[in-house]
Amino acid sequence: ASFGPWVASLALIGVGALLVLAVPINKKIWSPPFMLVTAGINMFLLSACVAVPNHLWGKRNPLIWLGLNPLSVFCGMLVLEIILMDNVVLANGQSGWSWVHANTFGSWVSAAPAWASTLTALP
């Protein structure tokens, strides 16, 4: 396992934290501490998104297939959307696609509207 991205992400966060002593973190003007801290956090999260599946599944990682076949995944999603949107109608008249959206994304974003704003504000 390579520790380079982990060390670099922690270094970026550390340098950003030290720069806060001279310049405050300010998202509106993209201050250097803001850029370094958010870049470090994003690098750390990206490293975790790569390391966790590799640790759990090793060479039998199903996400590798998704990465190697993006066009198949995209086309499959379009077919699923067309089937659920046009051909699956629930008893209440709602389409299958709107039901999936309401019970996956809509259920946790609309329950707390502040989260929608928070999610769009994240870098």
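Residues are numbered from 1 along each chain as its sequence is written, and side-chain values rest on heavy atoms, with hydrogens and water left out.

The mean pLDDT (the predictor's confidence in each residue, from 0 to 100) of the protein is 81, with 84% of its residues reaching 70 or more. Where pLDDT is low, the predicted coordinates should not be read in detail.

Two aromatic pairs are present in the structure, a pair being defined by rings of Phe, Tyr and Trp (its six-membered ring) with centres within 6.5 Å, and counted as stacked for planes under 30 degrees apart, edge-to-face for over 60 and tilted for the rest. The ring centres of W6 and F44 lie 4.9 Å apart with the planes at 85 degrees, so this pair is edge-to-face. The pair links distant parts of the chain, since W6 belongs to helix α1 (residues 4-19) and F44 to helix α2 (residues 32-57), 38 residues apart. On the scale used for accessibility (buried under 20% relative accessible area, exposed over 50%, partly exposed in between; 1.4 Å probe, protein chains only), W6 is partly exposed at 22%, and F44 is partly exposed at 32%. For W30 and F34, the centres are 5.2 Å apart and the planes are at 85 degrees, so this pair is also edge-to-face; here W30 is partly exposed, with a relative accessible area of 49%, while F34 is buried at 9%.

In the loop between α4 (70-87) and α5 (96-109) lies S95, which is buried with a relative accessible area of 18%. Leaving aside residues up to four places away in sequence, S95 touches L84, M85, V88 and L90, where contact means heavy atoms within 4.5 Å.

Methods:
This is a predicted model: local features need pLDDT of at least 70, side-chain atom pairs count only at pLDDT 80 or more; totals for chains, interfaces and linings use all residues. Helices (H or I, at least four residues) and strands (E, at least two) are DSSP runs, numbered from the N terminus.
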